[in-house]
Amino acid sequence: MNNFDYIQAGNINEALNAVSTNDKAMFIAGGTNLLDLWKYNLLHPDLLVDINHLNKNQPIEEKEAGGVRLGAFVTNADTAYHPLIEQRYPLLSKAILAGASGQIRNMATNGGNLLQRTRCYYFYDPDVPCNKRNPGSGCSALNGYNRIHAILGTSLDCIAVFPSDMCVALAALEAVVNVSGSKGARSIPFTDFHRLPGTTPELDNNLQPGELITSIDLPAKGFSENYSYLKLRDRHSYAFALVSVATGLELEGDMIKEARIALGGVAHKPWRVQEAEDFLKNKPAIAKSFAAAADIILQEAKGFKYNVFKIELAKRAIIRNAMMALQPETQLPGAQPSL
Ligand code: SF4
């Protein structure tokens, strides 16, 4: 029997106070990953602090600087279908809708999406070693069945991938994560939010204990003219990415003025390579340019026994997705770009 207490926080300060005085307390918003982890016996909170209804004070709204602020407690579905997001940040809308199922997106919140744990199957199996679940016990995936695992940024302690689709688009858009804690509020650039495993794979991100994500800021530039999100997976629906790519392009005629390319399904965090994006500046927007950028992005890639295929898959996905970004009409379901 798992006994636990439950309270509804009336506001953010109430939520922070409840967690700061109890190190076994946890926030619950949509709960779509937390309840999984609890059922698998990986979490044992003795107090749940419900922050769901705080979304009434945390809408999606335009900011004075021209960007848009996403409330952390707004659901993924309400975000993806919000007119501001559909019109100004269609890359984000498309990435969100590529994830999970309609039912899960109706429950899952924006803040929770950033905090979901890896879907490495060894992590969920308490009978096998896993450094992320039990630091120092070993990594069962290193010499195990590692088809879904990382090819970039790995360590000998963990080769798990971060499973979000939404976060791949947020990385490409250079979002900023706003958090609050007992020591005050701070903002974290998206690329600094999630961590590589290194020797501490138990830490997925740089949140401090007791800190709460309150909102996510999108910069003014949304790449709404030339964008694409491509998710490659074993099953067309309700499956995590083997490789995904979020691409935003700014063009001047046939030339690339700015490019953003973020990969999902390949590392412990959404993966961007500045050198590749710099390379694309002032290059013609053709497959050959994107192929050269793909080689730069994957130059450090290292495959394991069952996932070497991901290196070539990622390169092809980068090229294909960039060509789709040149043809916005290919964003329609079922449409194919002419390569
Ligand atoms: Fe655990 Fe990471 Fe190894 Fe998976 S890859 S078994 S999460 S240490």
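Me: What covers the buried residues of H1?

Reply: Helices (H or I, at least four residues) and strands (E, at least two) are DSSP runs, numbered from the N terminus. Contact means heavy atoms within 4.5 Å. The cover over the buried residues of H1 includes strands S1 (5–8), S2 (25–28), S3 (47–50), S6 (176–181) and S8 (212–218). This is a predicted model, in which local features need pLDDT of at least 70 and side-chain atom pairs count only at pLDDT 80 or more, while totals for chains, interfaces and linings use all residues. Residues are numbered from 1 along each chain as its sequence is written, and side-chain values use heavy atoms, with hydrogens and water left out.

Me: Which residues of helix H1 are buried, and within what arc do they fall?

Reply: Buried means under 20% relative accessible area, exposed over 50%, and partly exposed in between (1.4 Å probe, protein chains only). In helix H1 (residues 12–20), the buried residues are Ala15, Leu16, Ala18 and Val19. They lie within an arc of 160° when viewed down the axis of H1, so they line one face of the helix. The arc is taken from the directions from the helix axis to the C-beta atoms. As background, an α-helix has 3.6 residues a turn, so residues three or four places apart point the same way.

Me: Which residues does Ser180 touch?

Reply: Ser180 belongs to strand S6. Not counting residues up to four places away in sequence, Ser180 touches Leu16, Ala185, Gly210, Glu211, Leu212 and Thr214. Leu16 is one of the buried residues of H1.

Me: Why does Ser180 count as buried?

Reply: Its relative accessible area is 15%, so Ser180 is buried.

Me: How many salt bridges does the structure hold?

Reply: A salt bridge is a side-chain nitrogen of Lys or Arg within 4 Å of a carboxyl oxygen of Asp or Glu. The structure holds 19 of them. One pairs Asp204 with Arg117, whose closest N and O atoms are 2.5 Å apart. Because Asp204 lies in the loop between helix H9 (190–193) and S8, and Arg117 in the loop between H7 and H8, the pair ties together parts that are 87 residues apart in sequence. Asp204 is buried, with a relative accessible area of 11%, and Arg117 is buried as well, at 19%.

Me: Which residue forms a salt bridge with Glu211?

Reply: Glu211 is paired with Arg186, and their closest N and O atoms are 2.8 Å apart. Arg186 lies in strand S7 (residues 184–189) and Glu211 in the loop between H9 and S8, so parts that are 25 residues apart in sequence are tied together. Glu211 is buried, at 12% relative accessible area, whereas Arg186 is partly exposed, at 33%.

Me: Which residues are linked in a network of salt bridges?

Reply: The network links Glu174, Lys221, Glu250, Glu252, Lys257, Glu258, Arg260, Arg272 and Glu277. Glu250 and Lys257 form a salt bridge whose closest N and O atoms are 3.6 Å apart. Glu250 is partly exposed, with a relative accessible area of 23%, and Lys257 is partly exposed at 39%.

Me: Where is Glu174 placed, and with which residues is it in contact?

Reply: Glu174 sits in the loop between H8 and S6. Its relative accessibility of 36% makes Glu174 partly exposed. Leaving aside neighbours within four places in sequence, Glu174 is in contact with Pro219, Arg260 and Arg272. Glu174 and Arg260 are 86 residues apart along the chain, and their C-alpha atoms are separated by 9.1 Å.

Me: Which residues other than glycine have a positive phi?

Reply: Asn41 is one of them, with phi near 70°. Asn41 is found in the loop between helix H2 (34–39) and S3, and is partly exposed at 48% relative accessible area. Ala100 also has a positive phi, near 55°. Ala100 is in the loop between helix H5 (90–97) and helix H6 (102–107), and is partly exposed at 32%.

Me: How far apart are the centres of domain 1 and domain 2?

Reply: Domain bounds come from an automatic or database domain assignment. Here the chain is divided into domain 1 (5–52) and domain 2 (227–327). Their centres, taken over C-alpha atoms, are 37 Å apart.
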